[in-house]
Amino acid sequence: MRILLSFITWGFLFSVLLQVDNNICVQAECLEDQKTLLVQLNQSLVSSSSTSKRSSWSPDTDCCSSWDGVTCDTSGHVLSLDLSNESIEDGVNSSSSLFKFRYLERLNLAFNYFGSIPIPAGFDRLVNLTYLNLSNSGFNGQIPISFSRMTRLVTFDLATYQFPGSIPFTLNNPDLNMLTRNLKELRVLSLDGVNISAHGSKWCKALSSSVPKLQVLSLSNCYLSGPFDKSLTQLQSLYEIRLSGNNISGEVPEFFSEFRNLTFLDLSSCELHGNFPERILKVGTLEKFYLANNDHLQGSLPEFPMHGLLQELILFNTSFSGDLPDSIGNLILLSRLDLWHCRFNGSIPASVSQLKQLQYLDLSENSFTGTLPMALFAIPSLQYMDLSENQFTGQLGEFFNGSLSSLETLDLSMNKLQGPIPATLFELSKLDTLALSSNNFNGIVNLDALFSKLNNLTDLDLSNNRLSVISSSSNPALFLQIGFLALSSCNLTKIPSLLKNTELTTLDLSNNQIQGKIPNWIWEIGDGSLDSLNLSRNLLEDPDRPFPANSFTSIKYIDLHSNMLQGKNPILPPSALFLDYSSNNLTSIIPNASSYLSNAMFFSLSNNQINGEIPASICEASLEVLDLSFNNLSGPVPPCLKSMARLRVLNLRRNSLSGQIPHVWRSQGSIPPDDFNSYPESCDLRTFNLNENKFEGQLPSSLANCTMLEVLDVGNNQLTGGFPSWLGSMPELRVLVLQNNRFQGPLGNGGTVCNLAMLQIIDISSNKFSEAINMSNMGNITAYIMIKGKKLMKSREDDITR
């Protein structure tokens, strides 16, 4: 996403330059033949929405001076046509009047919707064209050979963003060499998203031998492979190289430092590895350097020379390590430094205070230590700072001149900071995001005072410190912009009433000491804007009923586990995807539960006091996780579970369920033929836990269809029969528990259970099996085996006996 934004900015810059160039041309009155061609073109074009440029194309006005997107020379010939962003869907074909503009030098059809059709023939008839931009125009398919005859081209842009379902350009016949071999005047080549599929030596040599004047090379996401070939250095005019998103799968050669004019180098997401040559980062002309998302690429930052021109240094998600050099303060033009998820350590040097142009700083997910230099917070241009998930210690100092700060995002979460939060932090008046969670901050935070000072705040996270958050305001006129609020483990004793007048989408007040009933107004926050609510691990009781009319309109996530809810009717918003009511005192499931679970994926009532049978209506839900464990359920498992095709986790452990385990997936020979087709063909289960119930009979062989099953636990029942040899069809099985049943007979051929290569835990104790276990096909057991109640560690030398 970060690279895409840079690519969009680059494309926009070219568009601006085109418009500036158009505006400074001296124009004459439009010739009649030129106007006729433009009218014909306008009549043929089909747009999906109203156009901004062509709406000015009135027959009563001069096409050179009054028509947007049209530029003429001093004789009245059309020199430039800019029809970008016009929502054009159709109307350009080989006979189009577009290809009759003999004097045309610049043509821009970028960002239209030509309906995934091949590029029409005719562009090569525009013999004077020097600028051609078809980027994101909607054309696709093979790039035609005719472009290679457009020998005056200076800028050639066919870049395409790839979205799901989109079909990219291909460059197969002609290939890159055939396309470019005659384009000797080319300065800018942008083929981002074009499927070139060429090996490193092939595409590097094709360019170096064809386009000697090339200045800008942009081949991101072109299915290129490596390694880089040194022939690329023949293009000594290059100052921008963009190759991100290719599968180079090689090392970065030091010869990139030989480009004397290099200002922009983007090698992000190229599967690069090895050690990065420091010399490249010392290129004196370099302004922007992107190397992100090469997680196997190692390196360290060099000693930066004085007066470096570097403005953006993007290394996130690499294996760069070491200290930040004190010389980083020499990069006085640096505006963006992103080292997220690297392996840097040491302290932040005081020299960072010299980076007066710095706007964006992300050092998160590293191993930085020491105290935070408060001069860092005084950089006047700094807008975004993320120092989370490091090892910073000590107390925060005072924030001086906070009202003059440009800081909008501050994330210090998951460090080892301590002491009180300085009151001057709340003077950073432009803050919209403040995250201080998972530190050791202490003291009292008055929520009312905080919001009154930080009135731009939309995201606040103070969770998991040693803070005591208080709030007494109930001012109905106070309206907060806050959308995300996390106050987990903040010693709250009540839900702050000032949250009534907010537009909250996410509220986390878990693990506090909140008592009493859940207030009804919480369901009406922001006229139903609340999307996620976590009130778990409190002392909350059932809310008053009935609920307000606008309740539950958009809520997707509710976590109320470990409270004091009781009774028969848990809160079941029909819009919810995640519902956790485990560890309460609920006594029943709503009989028509499916009407409230139409969208739910996760539903847990574990560890309650639920009695009675599992209602058949629950089978109509599209659940992926159903957890009814540790209750008092009785009766059979409803056979309609076969209709829950998306179910991945079924946990019914420790109930009083009885009868036979039903067939819920197809298995030839185990299901009556008349009923066979009513069972689903496949099973998506990963966990199947029926431990500590009263099931009888044999383990259903239809479980063999659950080839993705990882945990099978049917221990402590009354199951009978021989060892289920069909377990061998479960290649992902990691945990197998059959203990304390009535299984008997041999374990298989010579004690070989089956081929369970992924198995880590097996417990078959307290049965009547008659053989030892042969370990030869269970090579990955890393935990333990239970036989006759004894925990035995894995043994490769000896079979494990009964």
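Ser583 sits in the loop between β39 (578-580) and β40 (585-586); strands here are DSSP E runs of at least two residues, helices are H or I runs of at least four, and both are numbered from the N terminus. Ser583 has a positive phi of about 60 degrees although it is not a glycine. With a relative accessible area of 25%, Ser583 is partly exposed. On that scale buried means under 20% relative accessible area, exposed means over 50%, and partly exposed is in between, using a 1.4 Å probe and protein chains only.

Before going on, the conditions. This is a predicted model, in which local features need pLDDT of at least 70 and side-chain atom pairs count only at pLDDT 80 or more, while totals for chains, interfaces and linings use all residues. Residues are numbered from 1 along each chain as its sequence is written, and side-chain values use heavy atoms, with hydrogens and water left out.

Back to the backbone. Arg654 also has a positive phi, about 50 degrees, and is not a glycine. Arg654 is in the loop between β45 (649-651) and β46 (656-660), and its relative accessible area of 41% makes it partly exposed. As background, most residues other than glycine have a negative phi, and most peptide bonds are trans.

Which peptide bonds are cis? One runs from Asn173 to Pro174, with omega near 15 degrees. Pro174 lies in the loop between β10 and α3. Another runs from Gly226 to Pro227, with omega near 0 degrees, and Pro227 is in the loop between β12 and β13 (240-242).

Next, the core. A nonpolar core is a set of buried Ala, Val, Leu, Ile, Met, Phe, Trp, Tyr and Cys residues joined through side-chain atoms within 4.5 Å. The largest one has 218 residues, and those with the most contacts inside it are Leu81, Phe123, Trp203, Phe289 and Tyr581. Elements that each supply at least two residues of this core include α2 (32-44), β3 (78-82), α4 (200-210) and β29 (440-446). Its largest share, four residues, comes from α4.

A second, separate core has five residues, among them Phe264, Tyr290, Ala292 and Phe316.

Leaving aside neighbours within four places in sequence, Phe123 is in contact with Phe99, Leu107, Leu109, Leu132, Leu134, Phe147 and Met150, where contact means heavy atoms within 4.5 Å. In α4, the buried residues are Gly200, Trp203, Cys204, Ala206, Leu207, Ser208 and Ser210. Their cover includes α3, β11 (188-190) and β12 (216-218).

Now the rings. Rings of Phe, Tyr and Trp (its six-membered ring) pair if their centres lie within 6.5 Å; planes under 30 degrees apart count as stacked, over 60 as edge-to-face and the rest as tilted. The whole structure has 22 aromatic pairs. One of them joins Phe276 and Phe289: tilted, 5.4 Å centre to centre, 45 degrees between the planes. Phe276 is in the loop between β15 (273-275) and β16 (288-290) and Phe289 is in β16, so the pair ties together parts 13 residues apart in sequence. Phe276 is buried at 5% relative accessibility, and Phe289 is buried at 0%.

Phe316 and Trp340 have ring centres 5.9 Å apart and planes at 55 degrees, so this pair is tilted. Phe316 is buried at 5%, whereas Trp340 is partly exposed at 24%. Ring pairs also link Trp203, Phe228, Phe255, Phe256 and Phe259 into a cluster.

The charged end of Arg106 is over Tyr131, 4.3 Å from the ring centre. For Arg336 over Tyr360, the distance is 3.9 Å.

Last, a sheet. It is open, with three strands in the order β6-β8-β10 and parallel pairing; strands pair if DSSP finds at least two bridges between them. β6 (117-118) and β10 (169-170) stand at the edges, each with a single partner strand, so one side of each is left without a neighbour in the sheet. β6 and β8 (residues 139-142) pair over two bridges, and Ile117 stands opposite Phe139 in β8.

How values were computed:
Lys NZ or Arg CZ within 6 Å of the ring centre and 35° of its normal.
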